[in-house]
Amino acid sequence: MTIPTRAAVVESGGAPFTLSDVELDEPGPHEAVVRMVATGLCHTDLGVASGGLPFPLPGVLGHEGAGVVEAVGPDVTGVAPGDHVVLSFTSCGDCRNCRGGHPAYCATWLPLNLIGGHRADGTSTISRDGEALGGHFFGQSSFAERALVDERSLVKVDPDVPLESIAPLGCGVQTGVGAVWNVLKPVTGSTVVVLGAGAVGLSAVMAAALTPATNIVAVDRIGERLSLAKELGATHTVNAAEADLAEALGRITGGQGADGVVETTGNVGVLRQGVDALAARGTLVVVGAPPFGTEVALDVNGLLGGKQVVGLTLGDAETRTFIPALVRLVKEGRLPLDRLISTYPFADIDQAVRDMGAGKAIKPVLTF
């Protein structure tokens, strides 16, 4: 028996999200049906919807879901009906990186999450009028009133925390926080520079404020976002539309450069500036994702002072320990995620897309 629900379907690359009646497959042994309460809107969703990635369309996207478990497959042990869950990426659980606590680097990450559109065995999770749709996006496809979710995408969370306040933890927030905590690991006296003050960048600022870093520098071209960055813990801000970034960072660091840089913009020119701004033995974390095949030129001799450029997926987080820790910080007010969130009814998804594209909303969250 299929499960009827309503979803936001992208019919073809560049088409808008259209609400449509669809059917979910019955949950498999390691799947659960989740009634969605909220789901974040991420730039990755927009990139796929535009046709920029080879995800099968028509399809259902969404990968920052939060909801309540309604039913589970026979082999699911981590959650039960009634549990509150945040949904994140999925992984095989059996490759070297999964077993080593780095599921974001799963050997099958791309087909399972971003471009496959179906389960690992090739079967579809969602259909319309008997025709399979692209689904299983990040193991969830949460732009729907109900989602069929892979067990490894499910993270049980504290039921006392409103789900609309923590839905973005599944992707953008854990990416920004993980860049700081899992890669840069600032020590006393460190300077951390965050390039781009969107949802990921501001999450990195909030994370840095919970470390011993002495200087936390937010860089953007929008004054309102820089003001918010200050309120969230940045000690300095640089408006790249008004100031030379290299000169500004030189003044802030006393000419020593940055110990850590988080690059969230996906702009290779900005990435190059970030690498050039590193101190000896400094690290730049590449988070922003330009189109596949994009290259950046670096001064090789400039790297010989021990500089490192590190790519990052989803904060290199082990979700079942990382996300509950973030939920606790949200609950205690130490990670003020609400300052980033604008809520929209699910039916207004296209308005949320427009507001995000126009910079009016930092992190849109759709509510059901």
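Let's start with Lys-307, which sits in the loop between helix 9 (300–303) and strand 16 (308–311). Helices here are DSSP runs of H or I with at least four residues, and strands are E runs of at least two, numbered from the N terminus. This is a predicted model, where local features need pLDDT of at least 70 and side-chain atom pairs count only at pLDDT 80 or more, while totals for chains, interfaces and linings use all residues. Residues are numbered from 1 along each chain as its sequence is written, and side-chain values use heavy atoms, leaving out hydrogens and water.

So, what does Lys-307 have around it? Its contacts (heavy atoms within 4.5 Å) include Val-275, Asp-276 and Arg-281. The side chain of Lys-307 also reaches the backbone oxygen of Val-275 at 3.1 Å.

Now, please look at the largest nonpolar core, with 52 residues. By nonpolar core I mean a set of buried Ala, Val, Leu, Ile, Met, Phe, Trp, Tyr and Cys residues joined through side-chain atoms within 4.5 Å; buried is under 20% relative accessible area, with a 1.4 Å probe and protein chains only. Val-157, Ile-166, Leu-169, Leu-202 and Leu-340 have the most contacts inside this core. Which helix gives the most to it? That's helix 5, with 7 residues. The core lies between domain 1 (3–170 + 336–367) and domain 2 (175–313), because both give residues to it; the domain bounds come from an automatic or database assignment.

Take Leu-340 as an example: among the residues it touches are Leu-202, Met-206 and Ile-362. Apart from this core lies another, of 42 residues, including Leu-41 and Phe-55.

Definitions and conventions
A polar contact is a pair of N or O atoms within 3.5 Å; within protein, one must be able to donate a hydrogen and the other to accept it, and residues adjacent in sequence count only if both atoms are side-chain atoms. Buried means under 20% relative accessible area, exposed over 50%, partly exposed in between (1.4 Å probe, protein chains only). Lists of a residue's contacts leave out its neighbours within four places in sequence.
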